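Good morning. I will go through one structure today, starting with a term we need and then working from single residues up to the whole chain.

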Amino acid sequence: FGHGIFYYPLWFLSDFLKLSPSNQSFLYYFIFLSGSFWSFYYGLGFYAKDGKEKNLKYKILFSLLYSFNIYTFYNFYYTWGYSPFLFLYVLIPVIFGATYKYFSVSKKIDWKTLCVLGIFFFLSNIANGNLPFFISLNILLALFIFLLYFIRAVHLSFIDYIKRAVLYYFVYFLSVFWTVVPQIAEMLEIARGFKAKETIFDLEAWIIWQAVRFPNPFFI
């Protein structure tokens with residue numbers, strides 16, 4: 001279901017502008033790269049202690065590096081480049097930046113940031129069509145939230161911090177349940193098939209196929 005959030009706007013825009021297939025490819029690449037830039041740029045803003053623009057050139061430099069690098073170029077060289085799953089790359093900076101700000105407020109809950117997170121979590125449904133993307137993001141977020149309690153002087157008791165985390169995940173669940181829950185049911189059905197030996201699945205071969213050697217990410 002989440003793919004509709006991604007494909008329908010692109011389809012309407014392409015149809016309205018009467019874009020050719022090659023122009024549509026350029027549009028997709030432009031959205032991915034520009035979205036990555038602005039996501040990283042505004043994501044860094046969540047870590048600032050005040051609203052003033054400081055070290056603007058460094059923000060622009062790091063945002064450009066996040067957008068234009070060997071990973072983003074390779075995505076479009078390979079067939080994965082036109083998959084909606086990779087849109088999560090665009091959202092990661094603002095998700096983690098807003099998460100940092102939400103858990104760094106000392107006293108009152110930052111409802112504005114929580115609403116912003118709800119929007120970003122909703123957009124992350126685009127990548128949730130591939131459940132490992134959802135699981136990986138949650139593992140990283142959980143570790144990030146756990147470490148924030150120790151590295152940030154939030155002046156909150158552990159119980160209050162847990163309450164804030166529960167509210168955080170409640171908003172997260174409301175934003176993504178409509179794409180994640182149906183897949184869980186499907187995964188359980190597949191698991192029952194494996195248990196009943198209705199499906200042949202070679203786990204060892206699958207692990208070897210998915211394995212990656214150290215030079216591979218550098219395309220050596």
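First the term: a residue is called exposed when its relative accessible area is over 50%, buried when that area is under 20%, and partly exposed in between. Keep in mind throughout that this is a predicted model.

Now take lysine 18. Is it buried or exposed? Its relative accessible area is 67%, and this is over the cut-off of 50%, so lysine 18 is exposed. As for where to find it, lysine 18 sits in the loop between α1 and α2, just after α1 ends. Its phi is near 55 degrees, which is a positive value in a residue other than glycine.

α1 has 15 residues, and from its first C-alpha to its last it reaches 21 Å, close to the 21 Å expected at 1.5 Å a residue. Which residues of α1 are buried? They are Phe6, Leu10 and Ser14. Looking down the axis of α1, the buried residues fall within an arc of 40 degrees, so they line one face of the helix. That buried set packs against α2. On the face turned away from the buried side, α1 carries the exposed residues Tyr8, Trp11 and Phe16. Note the residue types there, a tyrosine, a tryptophan and a phenylalanine, listed as exposed.

On to α2 and its contact with α5. The axes of these two helices come within 8 Å and cross at roughly 10 degrees. Angles under 35 degrees count as roughly parallel, so α2 is roughly parallel to α5. Which residues make the contact? From α2 they are Phe32, Gly35, Ser36, Ser39, Phe40 and Gly43. From α5 they are Tyr89, Val90, Leu91, Pro93, Val94 and Gly97.

Tyrosine 82 lies in the loop between α4 and α5. With a relative accessible area of 39%, which is between 20% and 50%, tyrosine 82 is partly exposed. What does tyrosine 82 touch, leaving aside neighbours within four places in sequence? It is in contact with Tyr7, Ser25, Tyr28 and Phe76. Take the serine from that list: tyrosine 82 and serine 25 are 57 residues apart in sequence, but 8.2 Å apart in space, C-alpha to C-alpha.

The largest nonpolar core has 42 residues, and the members that touch the most other members are Ile95, Phe103, Leu141 and Tyr168. The elements giving two or more residues to this core are α1, α2, α5, α6, α7 and α8. The largest share is that of α5, with eleven residues.

Last, the whole chain. How many helices and strands does the protein have? Its secondary structure comes to nine helices and zero strands. Of its 220 residues, 35% count as buried. Among contacts between residues at least 6 apart in sequence, 75% join residues at least 24 apart. The pair of tyrosine 82 and serine 25, at 57 residues apart in sequence, is a case to look up in the model.

Terms used:
Residues numbered from 1 in each chain as written. Predicted model: local features only at pLDDT ≥ 70, side-chain atom pairs only at ≥ 80, totals over all residues. Heavy atoms only, no water. Core = buried A, V, L, I, M, F, W, Y, C linked by side-chain atoms within 4.5 Å. Buried < 20%, exposed > 50% of the residue type's maximum accessible area, 1.4 Å probe, protein only. Helix = DSSP H or I, 4+ residues; strand = E, 2+ residues; numbered from the N terminus. Expected span 1.5 Å × (residues − 1). Arc of directions from axis to C-beta. Contact = heavy atoms within 4.5 Å. Axes fitted to C-alpha atoms, helices over the stretch in contact; angles between N-to-C directions. Parallel < 35°, antiparallel > 145°, perpendicular 65-115°, else oblique.
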